[in-house]
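Trainee: Could we go through this structure together, one question at a time?

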Amino acid sequence: MKLQLGIADPYTQDPFNDFINALTISGATENTIRIYSIAIKDFLDYVRKDPREVTVSDVNNWIMNILRRDTRDKSNDAIDKRRKKTVTARLYTIAVIRFLKWLGKDIRPTIPRARRREVMALTEEQVNALMNSLRKTRDKLIVSLLLDTGLRAKELLSVTVSDVNLNNRSIIVRNTKNGEARVVFFTEKTAKLLSAYLQRNNLKPEDKLFKITYHALYRKLKRIGKKLGIDLRPHVLRHTFATNAIRKGVQLPIVQRLLGHKDIRTTQIYTHLVNEDVEQIYKKILG
């Protein structure tokens with residue numbers, strides 16, 4: 001969904017707030033508004049001038065400033081740190097370019113190119129070990145739903161009881177990354193877990209299915225994965241769903257729709273993992 005922002009009032013005294021208001025009115029998601037707000041504030045604090053007077057050099061210098069900053073990331077993986085900085089710089093730059101374009105400024109800085117994170121999916125053995133390690137019904141249900149549906153964790157955590165249809169084993173996902181609702185499905189095994197969970201908890205139709213924050217879920221999965229020797233994150237479960245679906249013959253456009261990807265090229269990254277399977281089988285059997 002392309003957001004229509006129009007153009008700025010040339011006499012606006014508060015370009016930042018006027019732009020954020022226009023972004024909100026256009027139907028941008030809360031996450032988009034948050035990222036744009038942080039990025040544009042950061043840029044304005046750096047250049048310290050009327051944004052209608054900035055140059056390409058101003059923007060490029062700001063981008064370099066972002067790339068040189070220390071981060072709070074305590075990871076020992078230098079490559080991952082650099083990637084996160086580049087991703088941040090790229091997102092911020094795109095936001096600022098859009099802001100300047102809204103102001104009538106045709107500024108074309110160099111947009112940082114982020115290295116794609118290596119896609120990791122769990123093996124069947126790892127999935128079995130993961131499920132066997134879970135003791136609480138809620139934890140089993142969350143992991144099962146993420147593996148069955150390929151939902152982003154934030155999408156799953158936004159689901160309400162009324163969004164779930166146990167009869168046809170489906171979920172309407174309304175709070176999506178691209179703002180477009182979609183339907184996903186889950187297995188009979190997960191349906192039994194879900195039925196038991198709903199019977200045990202006195203939830204109203206408007207209640208969230210899971211009352212847990214994204215960060216709490218992220219930390220929980222990391223702890224579970226550490227015990228199993230797996231770098232377990234919500235997106236790893238999403239990758240696992242997509243890879244398994246393609247391995248089992250689900251057509252790429254269907255996987256794209258289930259994942260909520262706007263561009264099928266994003267979905268195609270999972271075919272690389274399947275191609276690795278083909279290569280390994282070929283070398284094992286045919287040499």
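Mentor: Let's start where helix H10 is followed by Gly249, whose phi is positive, near 100°. Helices (H or I, at least four residues) and strands (E, at least two) are DSSP runs, numbered from the N terminus. This is a predicted model, where local features need pLDDT of at least 70, side-chain atom pairs count only at pLDDT 80 or more, and totals for chains, interfaces and linings use all residues. Residues are numbered from 1 along each chain as its sequence is written, and side-chain values use heavy atoms, with hydrogens and water left out.

Trainee: How many of the 14 residues of H10 are buried?

Mentor: Buried means under 20% relative accessible area, exposed over 50%, and partly exposed in between (1.4 Å probe, protein chains only). Among the buried residues of H10 are Leu237, Phe241 and Ile246. H10 is mostly covered, and the number of buried residues is eleven.

Trainee: Is Val183 buried or partly exposed?

Mentor: Val183 sits in strand E3, residues 182-185. Its relative accessible area is 38%, so Val183 counts as partly exposed.

Trainee: What is the relative accessible area of Met64?

Mentor: You will find Met64 in helix H3, which covers residues 56-68. Met64 is partly exposed, and its relative accessible area is 36%.

Trainee: How far apart in space are Met64 and Pro112, C-alpha to C-alpha?

Mentor: Along the sequence, Met64 and Pro112 are 48 residues apart. In space, C-alpha to C-alpha, the distance between Met64 and Pro112 is 9.6 Å.
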